[in-house]
Amino acid sequence: MPTKKISAAASADEATGASGGVAVLDRAFSILDAFGLSDDRLTLTELSRRTGLYKSTVLRLLGALEHGGFIRKLSDGQYAIGPAPLRLASLYQRSFQVGPVVEPILQQLSQDLGETASFYVRHADQRLVLFRVEPSRSVRVSIRVGEMFDIQKGASGKLLLAFTDLLDERWKEVRDRLWAVSYGERDPETASASVPVFDAMGELVGALTLSGPKGRIDASPAMELAIKRLLEGAKQATVGLGGKGARYDASIASFSGTSAVSHRQNLERVG
């Protein structure tokens, strides 16, 4: 059978079509990204302003996104996020296969310590809230599943950097002791502690974290208790995921008896 020859013009057309398709996707994603965490709905004019696209272009893309369930057009003519991203978010959570193991531990930590318990994973140069449980008390740290923060700030950020940038000597102490703390780094009124959870291969799965108002947990005894309980929870989660819980034993033991005194003296320094 003779080989079919593709002309240079046809190849150029094909490349242009592929490039155009990518551009359309980029524009559609920019519309979804235009919605902030506090935006329940946006007007066509505001979407055009935030994306820098013509209203006619935005309107055409909104129609396609609405058809796919990513956008809803409301009765007042404004637009809101549709149900499709929720399904994808659920699939994203399930892809980590840690929910059934981690969520009960978060529930117990939040209930016992009365603070917000969360589980973070690294997403490029940010840390993403994959799971979280908040206490019933009115004054608490409030974060949302799916929310992202700068990985350079906060206890969970330090923890994720320590176990994903393994050659970075800045985080050697965090790797050795298996915990990190922060005092007012992301939010000046918040303190937090974070520990790693590992899988059966010894690889980092994510950061188990407790956060609360500085006035409640920045004092050494409260912070020590938080770290110890987090380490115990991380050991339980790691074993549940097929990993080795024994790697936590030395760190847990260091928060018992006289060994805790040095932690009490150094917590502020290492924060």
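# Exercises on cavity, pocket and sheet

By the rule used here, this predicted model has one cavity of 30 Å³ or more.

**Exercise 1.** Describe the largest cavity: what is its volume, and which residues lie closest to its centre?

*Solution.* 
- Step 1. Take the volume. The largest cavity holds about 140 Å³.
- Step 2. List the lining. It has 16 residues, and those closest to the centre are Arg127, Arg186, Thr190, Ser192 and Ser211.
- Step 3. Assign elements. Helix H6 (155–164), S7 and S8 each give two or more residues to this lining.
- Step 4. Sort by class. The lining of the largest cavity has eight polar, four nonpolar and four charged residues.

**Exercise 2.** Find the order of the strands in the sheet, then name its edge strands.

*Solution.* 
- Step 1. Read the order. Six strands run S5-S4-S3-S8-S7-S6 in an open sheet, and their pairing is antiparallel.
- Step 2. Look at the ends. Strand S5 (148–150) and strand S6 (180–183) are the edges, each pairing on one side only.
- Step 3. From one strand to the next, it averages 30°.
- Step 4. Zoom in on S6. Four bridges join S6 to strand S7 (residues 190–198), and the two run antiparallel.
- Step 5. Pick one pair. Ser182 has Ser192, in S7, as its bridge partner. Ser192 is also among the residues closest to the centre of the largest cavity.

**Exercise 3.** Which strands does helix H9 lie across, and at what angle does H9 run to S7?

*Solution.* 
- Step 1. Locate the helix. H9 spans residues 220–240.
- Step 2. Name the strands. H9 lies across S6, S7 and strand S8 (204–213).
- Step 3. Give the angle. H9 runs at about 25° to S7.

**Exercise 4.** Describe the largest pocket: which element supplies the largest share of its lining?

*Solution.* 
- Step 1. Take the volume. The largest pocket has about 1,300 Å³.
- Step 2. List the lining. There are 31 residues, with Ile81, Pro85, Leu86, Ala89 and Gly146 nearest the centre.
- Step 3. Assign elements. At least two lining residues come from each of helix H1 (8–33), helix H3 (55–67), helix H4 (84–96) and strand S4 (126–133).
- Step 4. Find the largest share. H4 supplies it, with seven residues.
- Step 5. Sort by class. The pocket lining has 22 nonpolar, five polar and four charged residues.

**Exercise 5.** Where does pLDDT stay under 50?

*Solution.* 
- Step 1. Start with the whole. The protein averages a pLDDT of 85, and 85% of the residues score at least 70.
- Step 2. Find the stretch. pLDDT stays under 50 over residues 1–18.
- Step 3. Check contacts. For residues 1–18 the model has one contact beyond four places in sequence.
- Step 4. Draw the lesson. Where pLDDT is low, predicted coordinates should not be read in detail.

Key
Residues are numbered from 1 along each chain as its sequence is written. This is a predicted model: local features need pLDDT of at least 70, side-chain atom pairs count only at pLDDT 80 or more; totals for chains, interfaces and linings use all residues. Side-chain values use heavy atoms; hydrogens and water are left out. Two strands pair if DSSP finds at least two bridges between them. Axes are lines fitted to C-alpha atoms, for helices over the stretch in contact, and angles run from 0 to 180 degrees between N-to-C directions. Contact means heavy atoms within 4.5 Å. On a 1 Å grid over the protein atoms alone, a cavity is a set of points where a 1.4 Å probe fits but cannot get out, and a pocket is an open set with protein on both sides within 12 Å along at least five of seven lines; lining residues have an atom within 4 Å of a point. Grid points are joined across faces, edges and corners, and a volume is the space filled by probe spheres set on the points. Ala, Val, Leu, Ile, Met, Phe, Trp, Tyr, Cys and Pro count as nonpolar, Asp, Glu, Lys and Arg as charged, and the others, Gly among them, as polar. pLDDT is the predictor's confidence in each residue, from 0 to 100.
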